[in-house]
Amino acid sequence: GVIVWAYNFAAEKISETTLEIYTYVGQKLYFLPLLLLGLIALAFIVWVIIKIIPEIKGSGIPYTEGVMRGQIKYRTIHVFVGTILNSFISFFAGLPLGGEGPSVQVGGVIGQGVDQVFEKVDPRAKAFNRLAITGGASAGLAVAFNAPLTGIIFALEEGHKRFSPSIFLTSASSVLFATLISRLLRLATTGTFSGYFMFKMVDLESIPLNNLWMLLILGILIGLAAALFSKIQVVTKVLLDKFKIPTLARLIVAFVLVGIIGVFLTDILGGGSGLIKKIAALDFTWQMLLLLLVIKLFLIAICSNSGTTGGLFVPMLAIGALFGGLFGHLFMAMGMEEVYYRTISMSAFMGGVVRAPLTAMVLIAEVTGSLMSGFFETGIVICLAYFTVELLDIQPLYDTLLEGTLYQLHKGQER
């Protein structure tokens, strides 16, 4: 609770500073070459760090899931320090990646560290190592989003993909205590229990039965969008590997691209929590939503496959919100409230990409503060999006990323 709260507090402040820097450079463009030189230097630092600690490349969640399932291992101190340092550099550079993936990894490392301390007292504690990592990882996600129920469901549905009383009790106890501590710290520093990602949506009335057909169309469209996002991620990685683009070159291209585009369009910077709030406030025309969507889709793919550290949870929600805003403009012209599609699309998009529909549904309910509003409608769209992606034979994104990690770790080895 203390460490992940402090991590997210610092990440938020870093992102605010980054926005100020980019805004200033946008007003005084003669500073752009200096900004780009600084970004190249940051890319080089990230490259050096991941050469020493390759485990911290990417989102953090797939690697942590592999550790929870006993497929790979952490180097506790290396991963803890490297994840925090590298992700802070990514946030300072303005890369479109989030802090929730690193929060999960930091939480998992803390869980392992605590278990290793107890092993000194009682060697039998080693048997609970994977459970301790699970508890820490789920607490990390819960604190990052200020969403305790999401953290518990994540451990079961996505982390282990099975239910057991030991997994449930471990994750629940870790999540509840961590969330309580983080909320008290947040209250002491900001005067509110609300998380940084929290945004309030208006309560939704049930959609009239004669308009339910729109939900069917929306579910299929979001499913296709989720499949497109997953394919772009995978194809980008395949192309970069096929042409054997060095990691340093990937990092420099990612950092410089973000620098050039971010100066002129600051809404593409960071994971996307601020962007989601703007979409919720109806701040964009459909033309601007489309422009932001195209840029974010490709920037996220380039940055997440560059080797730097940063999560995909919030970027996925931002992409879902952008699709939701576009579909909202379409459906609003057909007589339905646009507010449905900003919330529902985020849930359905995340559920389709990760293939964790319960986690997606509960997360959106918790961060919007509307636990039951639109629950039935959201469920319909998530199910349709889920089955659409399944019919297209698209693998869950985190499973694909974990398989890639395992392949790289064991490449050239014999069974």
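Is Cys 303 buried or exposed? Cys 303 is buried, at a relative accessible area of 0%. The model behind this value is predicted. Another cysteine, Cys 383, is partly exposed, and its relative accessible area is 43%. The disulfide count is 0.

**Helix 13 and its partners**

Two packed helices are described by an angle and a distance, both taken between their axes. Helix 13 spans residues 313-332, and helix 12 spans residues 286-304. The two pack at an angle of about 155°. Their axes lie 9 Å apart. Because angles over 145 degrees count as roughly antiparallel, helix 12 is roughly antiparallel to helix 13. The crossing of helix 12 with helix 13 is left-handed.

Which residues make this contact? From helix 12 come Trp 286, Leu 289, Leu 290, Leu 292, Leu 293, Lys 296, Leu 297 and Ile 300. Helix 13 answers with Pro 315, Ile 319, Leu 322, Phe 323, Gly 325, Leu 326 and His 329. By class, the contact of helix 12 with helix 13 holds 12 nonpolar, 2 polar and 1 charged residues.

Helix 13 also packs with helix 9, which covers residues 212-242. The axes of helix 9 and helix 13 cross at roughly 140° and come within 11 Å. Here the crossing is right-handed. On the helix 9 side, the contact uses Met 214, Ile 217, Leu 218, Leu 221, Ile 222, Ala 225 and Phe 229. On the helix 13 side stand Met 316, Ile 319, Phe 323, Phe 327 and Phe 331. The contact of helix 9 with helix 13 divides into 12 nonpolar, no polar and no charged residues.

Where does Asn 146 sit? Asn 146 is in the loop between helix 6 (129-145) and helix 7 (148-159). Its phi is near 55°, a positive value in a residue other than glycine. Arg 355 is not a glycine either, yet has a positive phi of about 65°. Arg 355 belongs to the loop between helix 14 (339-354) and helix 15.

**Thr 359 and its surroundings**

Thr 359 is part of helix 15, residues 357-368. What does Thr 359 touch, leaving out residues up to four places away in sequence? The contacts are Thr 150, Ile 153, Phe 154, Glu 157 and Met 350. Thr 359 is buried, with a relative accessible area of 1%.

**Tyr 24**

Tyr 24 lies in helix 1, residues 2-27. Tyr 24 is partly exposed, at a relative accessible area of 40%. How many residues separate Tyr 24 and Leu 358 in sequence? They are 334 residues apart in sequence. In space, C-alpha to C-alpha, Tyr 24 and Leu 358 are 42 Å apart.

**Accessibility by residue**

The table collects the relative accessible areas.

| Residue | Relative accessible area | Class |
|---|---|---|
| Cys 303 | 0% | buried |
| Thr 359 | 1% | buried |
| Tyr 24 | 40% | partly exposed |
| Cys 383 | 43% | partly exposed |

Methods. Residues are numbered from 1 along each chain as its sequence is written. This is a predicted model: local features need pLDDT of at least 70, side-chain atom pairs count only at pLDDT 80 or more; totals for chains, interfaces and linings use all residues. Side-chain values use heavy atoms; hydrogens and water are left out. Axes are lines fitted to C-alpha atoms, for helices over the stretch in contact, and angles run from 0 to 180 degrees between N-to-C directions. Helices (H or I, at least four residues) and strands (E, at least two) are DSSP runs, numbered from the N terminus. Angles under 35 degrees count as roughly parallel, over 145 as roughly antiparallel, 65 to 115 as roughly perpendicular and the rest as oblique. A crossing is left-handed if the near helix is turned anticlockwise from the far one by less than a right angle, and right-handed if clockwise. Contact means heavy atoms within 4.5 Å. Ala, Val, Leu, Ile, Met, Phe, Trp, Tyr, Cys and Pro count as nonpolar, Asp, Glu, Lys and Arg as charged, and the others, Gly among them, as polar. A disulfide is a pair of cysteine sulfur atoms within 2.5 Å. Buried means under 20% relative accessible area, exposed over 50%, partly exposed in between (1.4 Å probe, protein chains only).
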